[in-house]
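Here is a short briefing on one protein model. Keep the structure open beside the text as you read.

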Amino acid sequence: MKREGAHKVREPRRPPTPAHPSLAIVHASELLTLRGPRGPRIREAMSDLGIVEDGAVYIEGSRIVDVGPSAEVLRRHPRAGRTIDASGKIVLPGFVDAHTHAVFAGSREHELEWKAQGLTYTEIANRGGGILHTVRATREADEATLAGLASDRLATMIAHGTTTAEVKSGYGLRTADELKILQAASSAGRASGVTVVPTFLGAHAVPPEFEGRADAYADLVASESIDAVVSSRAASFCDVFLEPGYFDPPQARRVLQKAATVGLGLKIHADELSDSGGASLAAELRATSADHLLHVSAAGVDALATAGVIGVLLPATSLASRLPYADGRRLVDAGVPVALGTDFNPNCWCESMQLAIALACHHNGLLPAQAITAATINSAYAVGRGDTTGSLEAGKAADVLVCDAPAHQHLGYRLGGNLVGTVVRGGRIIETRALTK
Ligand code: NIG
Ligand code: FE
């Protein structure tokens, strides 16, 4: 058994091979290009995976150079340094996990017994569980310990096909501890090979020393903490948990308006446990994404669609906390660009975007193609990386998966396993079977 505290940032278990000068992946039964116009996909475009049968992708260094039918790509690039035969397999962009809380110390397996007894997320928090339990353990851990723990989790994510992950802070709730977490997230990304997009979530809960003084804590987040995050360039986004018992709309607005003025992108944990106005605030502030949306109102859905805010669905949280599933079909029909994440956190220990895709198909009402769009190009836009990853197009990062399945529907259909056999991240080949065995 691994002991906490014994962790240090370390190299991945099996370092990826050096980037080949050139790499061809050929004869995919379905090459899911996800090609299309710039921007997140909505409505019918969410069902268009840009499939090329008997497709190939040709890579030089860390970039995609050519994509198309195998015969044409092989004719244009007959001499790749290395060739992978993907006959009978699907090839697609690496998954982008749009929402994780991957940096924390400790764990909360004891809460599973409470869940099994029927306690709700709020009841568990009131018993001393939940976010503040993890805050205690995380404040005590040093940066190297946190980076080691997070790097192990990201290594499991990449073995399941995640090549880019958004990673939030939020278990420090003090400026120095929040910075420590963000820096650990970046180191963990370098050690694991996953591209990490760090998000500052200082307004995740009111810390014990501010109990009953949420306004004062929100003001601290909106001044000292954000200033420190920006001056150390520690995050790309700022997020707030908008929910009764956590932060209300005026507090969330103050934090996010300050974040916008200093150039951070905006995200909101919106309408997760109740309809608390998160979607409307996300639309008002032109946030990049509104996440969860289990209880979003009709007006909230329309506001998201009109403002072009990406709705990030996190069905593993509904599974882990016995919450309703967000109505993804309604969001797609209304014209909201829908993305997907695992919401990996100590309440919802899910490293697999494949499980998120399967849950999205079985419970959020997304078609398999829509769920794959949500997990790739739309998630890439949800983390501000849509121009560099999320689809197989010339010029983009060579983040590519080869999956042991003949057709894309298998991704949502098969539950709880790992279809990803080979991951190419920035042109480097990672054999996931070697990582997981
Ligand atoms: O996205 N809702 C707030 N944050 C997390 C849960 C964090 C925790 O329970 O530790 C979420 O579900
Ligand atoms: Fe979350």
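The points below go from the domains to the sheets, then to the cores and a few single residues.

This is a predicted model. Its protein chain is divided into two parts: domain 1 (22–94 + 391–431) and domain 2 (96–382). An open sheet of eight strands is one feature to look for. A nonpolar core of 118 residues is another.

**The two domains**

- Domain 1 is made of two stretches, 22–94 and 391–431. Domain 2 covers 96–382.
- The C-alpha centres of domain 1 and domain 2 are 29 Å apart.
- The domains touch each other: 34 residues of domain 1 are in contact with 34 residues of domain 2.

**Strands around E1 and E5**

- Start with strand E1, residues 22–32. E1 is mostly covered, as nine of its 11 residues are buried.
- Strand E2 (residues 51–60) runs antiparallel to E1, and eight bridges join the two. Ala-28 has Gly-55 in E2 as its bridge partner.
- Strand E4 (residues 82–85) runs parallel to E1, with four bridges between them. Here Leu-23 is the bridge partner of Arg-82 in E4.
- Strand E5 (residues 90–93) also pairs with E1, in the parallel sense and over two bridges. Leu-31 stands opposite Val-91 in E5.
- E5 has a further pairing with strand E14 (residues 400–403), antiparallel and over four bridges. In this pair, Leu-92 stands opposite Leu-401 in E14.

**The eight-stranded sheet**

- In what order do the strands of the open sheet come? The order is E6-E7-E8-E9-E10-E11-E12-E13, and the pairing is parallel.
- Strand E6 (95–97) and strand E13 (338–340) stand at the edges. Each has a single partner strand, so one side of each is left without a neighbour in the sheet.
- From one strand to the next, the twist averages 25°.
- For one pairing in detail, take strand E9 (residues 237–241) and strand E10 (residues 265–270). They run parallel and are joined by five bridges. Phe-241 has His-269 in E10 as its bridge partner.
- Helix H13 (residues 353–363) lies across E6, strand E7 (162–168) and E13. H13 runs at about 85° to E6.

**The nonpolar cores**

- In soluble globular proteins, nonpolar side chains tend to be buried together.
- In this model the largest nonpolar core has 118 residues. Leu-92, Phe-95, Leu-340 and Leu-411 have the most contacts inside it.
- Which helix gives the largest share of this core? Helix H7 (residues 214–231) does, with eight residues.
- Why does this core lie between domain 1 and domain 2? Both domains give residues to the core, so it lies between them.
- A second core of 17 residues is separate. Among its residues are Ala-28, Ile-59, Ala-398 and Val-424.

**Asn-347, a buried residue in a loop**

- Asn-347 sits in the loop between E13 and H13.
- Is Asn-347 buried or exposed? Its relative accessibility is 6%, and buried means under 20%, so Asn-347 counts as buried.
- The side chains of Asn-347 and Ser-321 are joined by a polar contact of 2.9 Å.
- Leaving out residues up to four places away in sequence, Asn-347 touches Arg-108, Glu-111, Lys-115, Tyr-121, Ala-320 and Ser-321.

- Most residues other than glycine have a negative phi. Two exceptions follow.
- His-292 has a phi near 95°, a positive value in a residue other than glycine. His-292 is in strand E11 (residues 289–292). With a relative accessible area of 1%, His-292 is buried.
- Asp-343 has a phi near 60°, which is also positive. Asp-343 is found in the loop between E13 and H13. Asp-343 is buried too, at a relative accessible area of 3%.

Definitions and conventions:
Residues numbered from 1 in each chain as written. Chains lettered and ligands numbered in written order. Predicted model: local features only at pLDDT ≥ 70, side-chain atom pairs only at ≥ 80, totals over all residues. Heavy atoms only, no water. Pairing = 2+ DSSP bridges. Axes fitted to C-alpha atoms, helices over the stretch in contact; angles between N-to-C directions. Contact = heavy atoms within 4.5 Å. Core = buried A, V, L, I, M, F, W, Y, C linked by side-chain atoms within 4.5 Å. Buried < 20%, exposed > 50% of the residue type's maximum accessible area, 1.4 Å probe, protein only. Domains from an automatic or database assignment. Polar contact = N/O pair within 3.5 Å; in protein donor to acceptor, adjacent residues only side chain to side chain.
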